[in-house]
Amino acid sequence: MSKLIAVLGSVTPPGRLLKALEAMTAAARAAEPALEIDVLNLADVRIAFADGRAPEAYNDDTAAVVKRVAAADIVVLASPVYRASFTGSLKNLLDQLPVEALMGKPCGIVAMGATAHHYLGVEWHLRDVLTWFGALVPPSGVYLSSADFADGNLVESASGDLRDLATALIRLKTIAPASGTAFGPVPLSARRR
């Protein structure tokens, strides 16, 4: 059985971005009924500031969260636009992860901003980080804005984009290597000398 973890990369109260993740995970489960789903809201956990120690060295949720992400076969990272990029809380989680936690894994990006003005900020920055990990990222993520919601609910075009992302990630899983293994050359970040 495969496992998908959807990470809500914000520490503010959940709202529309959580609804989008719920729609995307429901689409993933519809496409792959045996898929186990885990939604990780960073507002619900305490992750230590990354200072080089092993996750187990902290007296909070860091080790458990790292273990949850590493155990997933598919990872979706969702972030609101914050200062034209993704949130610091999501960056801190990524800083805590060993490279093997995402190497060779399908990873999707869902970003959200008030308008379409910043539509590539989160995606470009997350792609750079996911490349460092050697993750498998579909050619495009999903960007949502206020126009993608009506009365607090996703409009059909946005739901379709989320379904397409879920389908792409499940397809990538079929070609992904064993967990923690590179798909192609081993990323520089994983080379031990």
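The model is predicted, so local features need pLDDT of at least 70 and side-chain atom pairs count only at pLDDT 80 or more, while totals for chains, interfaces and linings use all residues. Residues are numbered from 1 along each chain as its sequence is written, and side-chain values use heavy atoms, with hydrogens and water left out.

Start with the sheet. Its 5 strands form an open sheet in the order E2-E1-E3-E4-E5, and the pairing is parallel. The names follow a rule: helices (H or I, at least four residues) and strands (E, at least two) are DSSP runs, numbered from the N terminus. Two strands pair if DSSP finds at least two bridges between them. At the edges are strand E2 (36-41) and strand E5 (142-144), each of which pairs on one side only. On average, neighbouring strands of this sheet are turned by 15 degrees against each other, direction ignored. Such angles are taken between axes, which are lines fitted to C-alpha atoms (for helices over the stretch in contact), and they run from 0 to 180 degrees between N-to-C directions.

One pairing can be followed in detail. Strand E3 (residues 74-80) and strand E4 (residues 107-112) run parallel and are joined by 6 bridges. Within this pairing, Val76 stands opposite Gly108 in E4.

Two helices come next. Helix H2 (residues 62-71) packs on the sheet, where it touches strand E1 (3-8), E2 and E3, and its direction makes about 145 degrees with that of E2. Helix H3 (residues 88-96) also packs on the sheet, touching E1 and E3, and its direction makes about 150 degrees with that of E3. Contact here means heavy atoms within 4.5 Å.

Which residues of H2 are buried? They are Thr62, Val65, Val66 and Val69. They cover an arc of only 100 degrees around the axis, which puts them on the same side of H2. The arc is that of the directions from the helix axis to the C-beta atoms. An α-helix has 3.6 residues a turn, so residues three or four places apart point the same way. The cover over the buried residues of H2 includes E1, E2, E3 and H3. Buried means under 20% relative accessible area, exposed means over 50%, and partly exposed is in between (1.4 Å probe, protein chains only).

In H3, the buried residues are Leu90, Asn92, Leu93, Leu94 and Gln96. They pack against E1, H2, E3 and H4. Leu93 touches Val7, Leu42, Ile47, Val65 and Val69, not counting residues up to four places away in sequence.

The next topic is the nonpolar cores. A nonpolar core is a set of buried Ala, Val, Leu, Ile, Met, Phe, Trp, Tyr and Cys residues joined through side-chain atoms within 4.5 Å. The largest has 33 residues, and those with the most contacts inside it are Leu90, Leu93, Leu94, Leu97 and Leu102. E1, H2, E3, H3, E4 and helix H4 (121-133) each supply at least two residues of this core. H4 gives the most, with 5 residues. A second, separate core has 26 residues, among them Ala6, Ala78, Leu162 and Leu169.

The structure holds 1 aromatic pair. The ring centres of Trp132 and Phe133 are 4.9 Å apart and their planes stand at 85 degrees, so the pair is edge-to-face. Rings of Phe, Tyr and Trp (its six-membered ring) pair if their centres lie within 6.5 Å; planes under 30 degrees apart count as stacked, over 60 as edge-to-face and the rest as tilted. Phe133 counts as buried at 1% relative accessibility, whereas Trp132 is partly exposed, with a relative accessible area of 46%.

Finally, consider the loops. The loop between E3 and H3 contains Arg83 and Ala84. Arg83 has a positive phi of about 55 degrees although it is not a glycine, and for Ala84, also not a glycine, the positive phi is about 65 degrees. At 72% relative accessibility Arg83 counts as exposed, while Ala84, at 35%, counts as partly exposed. Arg83 and Trp132 are 49 residues apart in sequence and 22 Å apart in space, C-alpha to C-alpha.

Ser145 is found in the loop between E5 and strand E6 (149-150). Is Ser145 buried or exposed? At 9% relative accessibility, Ser145 counts as buried. Ser145 touches Gly113, Ala114, Thr115 and Ala116, not counting residues up to four places away in sequence.
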